[in-house]
2 protein chains.
Amino acid sequence: MKRPPKAPSITVSDVARQAKVSKATAARVLGGYGRVSKTVRAAVLEAAKALDYRPNELARSMTTGRSGSIGVVVGDIENPFFSLAVRGISDVARLSGINVILANSGEQVEAEKNAIRVLMAKQVDGLIVTPAQSGEIAHLVEIACSACPLALLDRALPDLDVDTVTVDDRDAALRATRILTRAGHTRIAYMTAAVLSGDFRGGESRINTSTVRERILGFLDACQEAGIERAERNIRFGSGRSETSRAAMHGLLQSPDRPTAILASDSVVALELFKTIRECGLHIPQDMSLITFHDADWTSVTTPPITVIDQPVYALGKSVAELLIRRLKGDDRPPERIILPTTIIERMSVAQVPDVITQATA
Amino acid sequence: MKRPPKAPSITVSDVARQAKVSKATAARVLGGYGRVSKTVRAAVLEAAKALDYRPNELARSMTTGRSGSIGVVVGDIENPFFSLAVRGISDVARLSGINVILANSGEQVEAEKNAIRVLMAKQVDGLIVTPAQSGEIAHLVEIACSACPLALLDRALPDLDVDTVTVDDRDAALRATRILTRAGHTRIAYMTAAVLSGDFRGGESRINTSTVRERILGFLDACQEAGIERAERNIRFGSGRSETSRAAMHGLLQSPDRPTAILASDSVVALELFKTIRECGLHIPQDMSLITFHDADWTSVTTPPITVIDQPVYALGKSVAELLIRRLKGDDRPPERIILPTTIIERMSVAQVPDVITQATA
DNA sequence: TTTTCTTGTGAGACCGGTCTCAAATGGAAA
DNA sequence: TTTCCATTTGAGACCGGTCTCACAAGAAAA
């Protein structure tokens with residue numbers, strides 16, 4: 001823990017000495033600011049090359065106050081949704097010569113807080129966050145009030161008026177659920193990995209994360225439209241990759257009044273569901289219809305292929321990054337909330353409900 | 001591009017003034033070094049809290065010379081293989097209070113070089129790289145010679161003697177191919193996303209990336225063992241997600257002497273293949289057997305589920321990170337090359353070749 | 001020729017920490 | 001009481017850049 005051999009790196013002063021000019025002059029040509037004569041510039045450049053000078057970005061950042069990097073905090077980098085969004089972000093960042101420090105919150109607020117603290121200490125110029133928990137946003141509010149621009153990805157926070165990019169969750173859920181109700185389903189479950197802070201019990205107003213709330217709203221809209229009562233009973237939170245959630249899924253699928261259709265909030269949940277449905281000896285779509293958010297690559301190769309809500313994930317990342325970088329450049333327009341449209345890709349995972357057909361013909 | 005409002009942050013001096021002690025003393029308690037009396041410590045801490053002091057990690061890094069972060073350069077963060085490995089790395093890093101700056105090379109050497117340059121300028125304490133190209137490693141050699149520890153993930157470089165963690169690629173390929181040969185296959189293709197620098201033509205010695213070379217060696221071993229001649233004809237490079245590679249796949253699958261079995265080098269290639277095989281109206285496993293490296297989550301839900309080589313991907317990331325961090329702490333044992341074992345998970349994507357059965361019964 | 005302006009350069013402060021060194025304090029030993 | 005040593009504290013250099021300011025020299029204007 002003691003000796004980092006401390007490579008004696010080449011500094012501006014070294015170059016200056018070699019080029020026989022002052023440190024200030026060398027710094028000017030090396031840093032690309034101020035005015036220098038052609039001859040001196042050439043001399044300095046030559047000296048720099050000879051010495052193999054590499055600027056110390058840290059030192060530079062310290063004086064300028066800008067680190068040239070932005071922090072990105074996502075829930076779970078393993079979720080292909082986030083990987084893709086992150087690529088959108090980094091592609092944009094690269095174009096502006098900004099680099100990205102990535103942190104994983106594992107959807108834990110504490111980890112999120114910690115990640116943000118570390119990123120701030122590293123003096124990131126801006127922050128893109130996918131808030132893990134809707135209840136605790138004090139740390140985000142604090143950032144928003146500070147000089148460091150903050151942008152929200154995929155999940156809006158009503159109480160936090162900052163640049164935000166989401167998709168038309170409510171509408172997407174509505175349309176997806178409608179496909180289900182129109183196929184005659186009346187027992188429809190909505191499964192999300194999100195955890196509820198507090199208790200649900202029908203008060204969707206208590207759900208603070210826009211993504212979750214909007215989707216539930218859309219889901220309930222469609223259910224109501226179809227005359228399905230107490231649809232909110234079938235909303236399941238916390239359906240992650242954990243053991244408990246698997247057990248819960250099993251329980252749900254094996255109960256006598258199990259749903260005949262499920263809407264999954266992301267492809268990870270959907271995959272778990274897909275496996276569990278099989279394990280329970282059920283068949284998609286005959287015994288169980290399934291629609292999921294996110295057109296993950298595998299959804300088209302299963303048997304049957306899954307009907308999905310295709311979100312513009314890459315564009316989502318691209319847009320927040322653009323918004324944030326614009327802000328970094330000094331733009332001070334009021335915060336923008338961009339909502340990107342989604343499409344539904346109908347595949348083979350939704351079936352007509354038999355008794356509806358029976359009823360219809362009876 | 002001009003005015004970053006420059007939040008006037010609280011510094012040690014501010015805290016010192018408030019606590020009525022010298023800057024040095026305040027720094028001691030805030031930085032957690034040296035000796036300070038209980039009373040003074042309490043006073044400083046209180047002042048710090050009152051002022052809401054946050055250390056500037058950049059300034060700290062500048063004097064100490066250690067930035068507390070490591071750089072990770074992977075080929076494609078969207079590939080679940082890398083996402084998982086990266087999680088392994090960051091989990092370990094977090095435990096040591098080190099954070100990770102992630103960069104994507106897109107498997108392009110130039111991007112890789114650039115990413116490394118940026119990361120070095122940011123004074124990362126160490127570097128983990130998945131070398132994109134085997135031919136151009138001058139930039140890596142340079143790092144290896146410098147004071148900054150370098151570790152290689154998944155791909156070894158024979159000419160670069162640094163800490164490296166890979167899997168038993170040769171053996172894995174051998175065993176996988178054997179499954180195929182034992183099922184009677186004689187026309188077996190090996191498809192990798194890797195691009196060859198130069199030309200292949202049977203000289204596997206010219207392939208510098210260990211992963212690719214070892215796998216090919218294992219593949220050829222098994223073919224030879226089964227008496228298959230000129231097996232190297234069926235090695236296909238550059239099978240990425242691109243249009244050209246799809247076209248190539250189509251060509252291969254529709255040719256009259258198409259292979260009856262394929263070994264895919266990663267799950268992204270395998271998924272492309274899976275889709276293409278379907279598009280060509282072929283069926284797995286009757287018309288085409290398929291085995292792939294990496295037990296990606298979707299491989300178990302397809303029809304049929306895919307036989308895979310299960311690599312300990314998370315452990316791969318975990319191990320390199322551990323190696324690198326040990327090195328950061330001053331360990332100077334000679335470089336280690338760790339090879340992790342793989343398992344084969346046999347599912348339903350391999351079929352017996354009919355004419356072999358015929359022969360056997362004849 | 002003298003004055004004024006422009007341009008190039010150097011000296012040195014500064015960013016926010018760490019860390020060395022010397023001085024001050026106080027208790028124990030002589 | 002005097003001497004010595006350990007502990008605590010302060011002053012200030014330093015890390016590697018940026019940037020302000022003053023000054024010198026040459027060009028243009030008077």
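Trainee: Which helices each supply at least two residues of the surface near DNA strand C?

Mentor: In this predicted model, they are helix H2 (23-31) and helix H4 (57-64) of chain A, together with helix H2 (23-31) and helix H4 (57-64) of chain B. Helices are DSSP runs of H or I with at least four residues, numbered from the N terminus. A residue is near the strand if one of its heavy atoms lies within 4 Å of it.

Trainee: Which residues come nearest to DNA strand C?

Mentor: Of the 31 residues around DNA strand C, these are A:Thr25, A:Arg35, A:Val40, B:Val12 and B:Thr63.

Trainee: What does B:Val12 contact there?

Mentor: A polar backbone atom of B:Val12 is 2.8 Å from a phosphate oxygen of DNA strand C. This is a polar contact, a pair of N or O atoms within 3.5 Å.

Trainee: And which side chains lie by base atoms?

Mentor: Among them, A:Arg28 has a polar side-chain atom 2.8 Å from a base nitrogen of DNA strand C.

Trainee: On another topic, how confident is the prediction for chain A?

Mentor: Its mean pLDDT (the predictor's confidence in each residue, from 0 to 100) is 89, and 93% of the residues reach 70 or more. Over residues 1-6 of chain A, however, the pLDDT is below 50. Where pLDDT is low, the predicted coordinates should not be read in detail.

Trainee: What are the ground rules here?

Mentor: Local features need pLDDT of at least 70, side-chain atom pairs count only at pLDDT 80 or more, and totals for chains, interfaces and linings use all residues. Residues are numbered from 1 along each chain as its sequence is written, chains are lettered from A and ligands numbered from 1 in the order in which they are written, and side-chain values use heavy atoms, with hydrogens and water left out.

Notes: Contact means heavy atoms within 4.5 Å. A polar contact is a pair of N or O atoms within 3.5 Å; within protein, one must be able to donate a hydrogen and the other to accept it, and residues adjacent in sequence count only if both atoms are side-chain atoms.
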